[in-house]
Amino acid sequence: MEKITYNFKNRTAVVTGGAQGFGLDIAKRFLKSEAKVIIWDLDPKAIENAINEIDNPNLSSKIVDVSNFKDVESASKEIIKTSNIDILINNAGITGPTAPLWEYDIEMWKKVVDINLMGTFNCCRSVVPNMIKNNYGRIVNVASVAGKDGNANASAYSVGKAGAIGLTKSLGKELADKNIAVNAVTPAGAKTRILDQMTKEHVQRMLSKVPRGRFLEVEEFTSLVCWLASEENTFSTAAVFDISGGRSTY
Ligand SMILES: NC(=O)c1ccc[n+]([C@@H]2O[C@H](COP(=O)([O-])OP(=O)(O)OC[C@H]3O[C@@H](n4cnc5c(N)ncnc54)[C@H](O)[C@@H]3O)[C@@H](O)[C@H]2O)c1
């Protein structure tokens, strides 16, 4: 299917966790629509592969740990020296291992929440002042159906994503009188590298709950994110957009 090209000309987008999976596909589609894209990711090898594969002067990258506010702040200051940040896709995330809450490693539990929730907070905290100054911004927070439903044996991940949904609703309202939209998306399982962090049984259980009876395709997800990140989204904000193949009922 031929994909619609959005007009992202003269727009600068930061895509966290953009070195692979959902983030990389979003970055590619933004570039195709003439945006300037900066990937913030932790994984140097994946970044190198992405840059080599895409080979586009409008793409740049920086090693950033989104759970570290200082890292995030210095990366956004570097961009703001020469351009605004028009689009922020808070996509970096980890699931952490699959385990019941009462057996979950305490440091790992904190880390999963730190990356999924505090990472989203840190990036918004750092980038939003520039969007306010410019009276323009589109923020998409990549949550998960786990944040709505709560997945067994994934308490930290479910909490991190539920927190990102709450953050979206608050921040969207705080910015609603400006041309800034803040929305969250809640995908079901897609075949990216993140699935390797969970047991096969856990992934199978996730899939069994999806009425569509299949995994979400990465490109299907990108289509939703692109509209939310585009100028065409002039009204929706503080909202949660479901892309769970019928799994969630709200
Ligand atoms: N694939 C799925 O089934 C699925 C379902 C629901 C939600 N999600 C969410 O989608 C987002 C993207 O996941 P994906 O499936 O593309 O996974 P992925 O593992 O392919 O990509 C995630 C990227 O985030 C990066 N990252 C991890 N921690 C980071 C940190 N602290 N700072 C910066 N970058 C960091 C990784 O290096 C990686 O490149 C995640 O937030 C994930 O929770 C994925």
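**Note on the ligand shell and selected residues**

1. By class, the residues in the shell around the ligand are 15 nonpolar, eight polar and five charged. Here Ala, Val, Leu, Ile, Met, Phe, Trp, Tyr, Cys and Pro count as nonpolar, Asp, Glu, Lys and Arg as charged, and the others, Gly among them, as polar.

2. A word on the basis. This is a predicted model, in which local features need pLDDT of at least 70, side-chain atom pairs count only at pLDDT 80 or more, and totals for chains, interfaces and linings use all residues. Residues are numbered from 1 along each chain as its sequence is written, and side-chain values use heavy atoms, with hydrogens and water left out.

3. The ligand is surrounded by 28 residues. The closest are D41, N91, Y157, A190 and T192.

4. Taken alone, the ligand exposes 830 Å², and the protein buries 96% of that. Accessible areas come from the Shrake-Rupley method with a 1.4 Å probe; for residues, only the protein chains shown count as cover.

5. The ligand takes up the space of the largest pocket. A pocket is found on a 1 Å grid over the protein atoms alone, as an open set of points with protein on both sides within 12 Å along at least five of seven lines. A molecule sits in a pocket if more than half of its atoms lie within 2 Å of its grid points. Helices (H or I, at least four residues) and strands (E, at least two) are DSSP runs, numbered from the N terminus.

6. Next, N116. This residue belongs to helix α4 (residues 106-134). N116 counts as buried because its relative accessibility is 1%; buried means under 20% relative accessible area, exposed over 50%, partly exposed in between (1.4 Å probe, protein chains only). A polar atom of the N116 side chain lies 2.8 Å from the backbone oxygen of I94. The backbone oxygen of V112 is 2.9 Å from a polar atom of that N116 side chain.

7. Two strand residues are worth a look. I39, in strand β2 (residues 36-41), is buried at 1% relative accessibility. From I39 to K62, the C-alpha distance is 6.3 Å across 23 residues of sequence. N141, in strand β5 (residues 137-142), is buried at 1%.

8. Which residues other than glycine have a positive phi? E34 has phi near 75° and sits in the loop between α1 and β2. E34 is partly exposed, at 46% relative accessible area. D55 has phi of about 50° and lies in the loop between α2 and β3 (59-63). D55 counts as exposed, at 65%.

Methods
A residue is near a molecule or strand if one of its heavy atoms lies within 4 Å of it. On a 1 Å grid over the protein atoms alone, a cavity is a set of points where a 1.4 Å probe fits but cannot get out, and a pocket is an open set with protein on both sides within 12 Å along at least five of seven lines; lining residues have an atom within 4 Å of a point. A polar contact is a pair of N or O atoms within 3.5 Å; within protein, one must be able to donate a hydrogen and the other to accept it, and residues adjacent in sequence count only if both atoms are side-chain atoms.
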